[in-house]
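I opened the notebook to go through this fold piece by piece.

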Amino acid sequence: MLAMEKMAILRAADDEEDALLVCAHPPTFTLGKRARREHVKLSEEELAAHGIGVFQVPRGGQVTYHGPGQAVLYPVVSLRALQVGARRWIEGLEDTMVETSRAFGVNAHGRVPGASGAWVGNRKIGAVGVRISRGVSTYGLAYNVDTDLSAYDSLVACGFQENVATSLAHELGPEADLSCATNVLITTFLNHFHYTANDMEPHLKEKLLPRFTD
């Protein structure tokens, strides 16, 4: 993930264009600025036994899960150049997941008071968490396509005591396809913020470990 941080520094200096990192994580819990270790219910021994890493990250928000079957987009974007404020940016990331869900016939929504992300009823299908520094946003969104939802039983996800996670596969059945959903998610993001594929060439980073520093 140091690559993303270096890209953000270059973008802030106008030495790099906006970019979109398309990531795949191994089973990982990430703790945002408002998270506490007790939000992860497993002991160090249990985490090791399950092969789950825990990382403190400088994005906003609390604790969330990343893992196989999840589409993760990390836009490295100058909000100043895009002329988008923080609230509109976060809402746009929510809308990207909402519109993607609806493209597959799942009636999702955002704008839940006190909770960011995309929701299907009271079940969360996608999370948003960003860091904005020197006008450049990093981190982004994580959208559950065919994710192991049992992982959410092991944490207080985004501050909620009960497991409220869902996925495209949970809502649709086995026909949910990660590659297809990721492509729709990318296209929806580009269209929502009026990019073209040439403006922001997606960079696929497979099994990218979140090795963040403050």
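**Entry 1: strand β4 and its sheet.** I looked at β4 for cover and found both faces covered. Val-63 and Tyr-65 are buried on one side. Thr-64 and His-66 are buried on the other. I keep in mind that this is a predicted model. In a regular strand the side chains alternate between the two faces of the sheet.

Next I looked up the partner of β4. Strand β2, residues 28–31, pairs with β4 in the antiparallel sense, over four bridges. Two opposite pairs went into my notes. Thr-30 stands opposite Thr-64 in β4. Phe-29 stands opposite Tyr-65 in β4.

Then I traced the sheet. It is an open sheet of three strands, in the order β3-β2-β4, and its pairing is mixed. Which strands stand at the edges? They are β3 (53–56) and β4 (63–66). Each has a single partner strand, so one side of each is left without a neighbour in the sheet. From one strand to the next, the twist averages 25 degrees.

**Entry 2: strand β5.** I checked burial along β5. Nine of its nine residues are buried. Both faces are covered here too. On one side I listed Gln-70, Val-72, Tyr-74, Val-76 and Ser-78. On the other I listed Ala-71, Leu-73, Pro-75 and Val-77.

I then asked which strands pair with β5. β1 and β5 pair in the antiparallel sense over five bridges. Leu-21 stands opposite Tyr-74 in β5. β5 and β8 also pair in the antiparallel sense, over six bridges. There, the bridge partner of Val-72 is Ala-142 in β8. As background, strands of a sheet pair through backbone hydrogen bonds, either parallel or antiparallel.

**Entry 3: the cores.** I looked up the largest nonpolar core and found 31 residues in it. Leu-73, Trp-89, Leu-93, Leu-141, Tyr-143, Leu-168 and Phe-189 touch the most other members. I then noted which elements supply at least two residues each. The strands are β1 (19–23), β5 (70–78), β6 (118–120), β7 (123–133) and β8 (136–144). The helices are α4 (86–103), α5 (168–172) and α6 (178–192). α6 gives the most to this core, with five residues.

I followed Trp-89 in detail, leaving out residues up to four places away in sequence. Trp-89 touches Pro-75, Val-77, Leu-79, Leu-82 and Val-84, among others. Another core, of 14 residues, lies apart from the largest one. Its members include Ala-35, Leu-42, Leu-149 and Ala-165. In soluble globular proteins, nonpolar side chains tend to be buried together.

**Entry 4: the chain as a whole.** I recorded six helices and nine strands in the protein chain. Of its 214 residues, 52% are buried. The chain exposes about 10200 Å², and carbon and sulfur atoms supply 50% of that area. I also looked at sequence separation. Among contacts between residues at least 6 apart in sequence, 73% join residues at least 24 apart.

**Entry 5: cysteines.** How many disulfides does a search of the whole structure find? It finds zero. I checked the exposure of two cysteines. Cys-23 has a relative accessible area of 4%, so I logged Cys-23 as buried. Cys-180 has a relative accessible area of 36%, so I logged Cys-180 as partly exposed.

**Entry 6: two aspartates in loops.** I found Asp-14 in the loop between α1 (2–12) and β1. Is Asp-14 buried or exposed? At 60% relative accessibility, Asp-14 counts as exposed, because the cut-off for exposed is over 50%. Asp-14 and Ala-81 are 67 residues apart along the chain, and their C-alpha atoms are separated by 9.7 Å.

Asp-153 sits in the loop between β8 and α5. Its relative accessible area is 43%, so I logged Asp-153 as partly exposed. I also looked up Asp-153 against Ala-165, twelve residues apart along the chain. Their C-alpha atoms are separated by 9.2 Å. Ala-165 is also among the residues of the 14-residue core.

Note on methods
Residues numbered from 1 in each chain as written. Predicted model: local features only at pLDDT ≥ 70, side-chain atom pairs only at ≥ 80, totals over all residues. Heavy atoms only, no water. Core = buried A, V, L, I, M, F, W, Y, C linked by side-chain atoms within 4.5 Å. Buried < 20%, exposed > 50% of the residue type's maximum accessible area, 1.4 Å probe, protein only. Contact = heavy atoms within 4.5 Å. Pairing = 2+ DSSP bridges. Axes fitted to C-alpha atoms, helices over the stretch in contact; angles between N-to-C directions. Areas by Shrake-Rupley, 256 points an atom, 1.4 Å probe, with all protein chains shown as cover. Disulfide = S-S within 2.5 Å.
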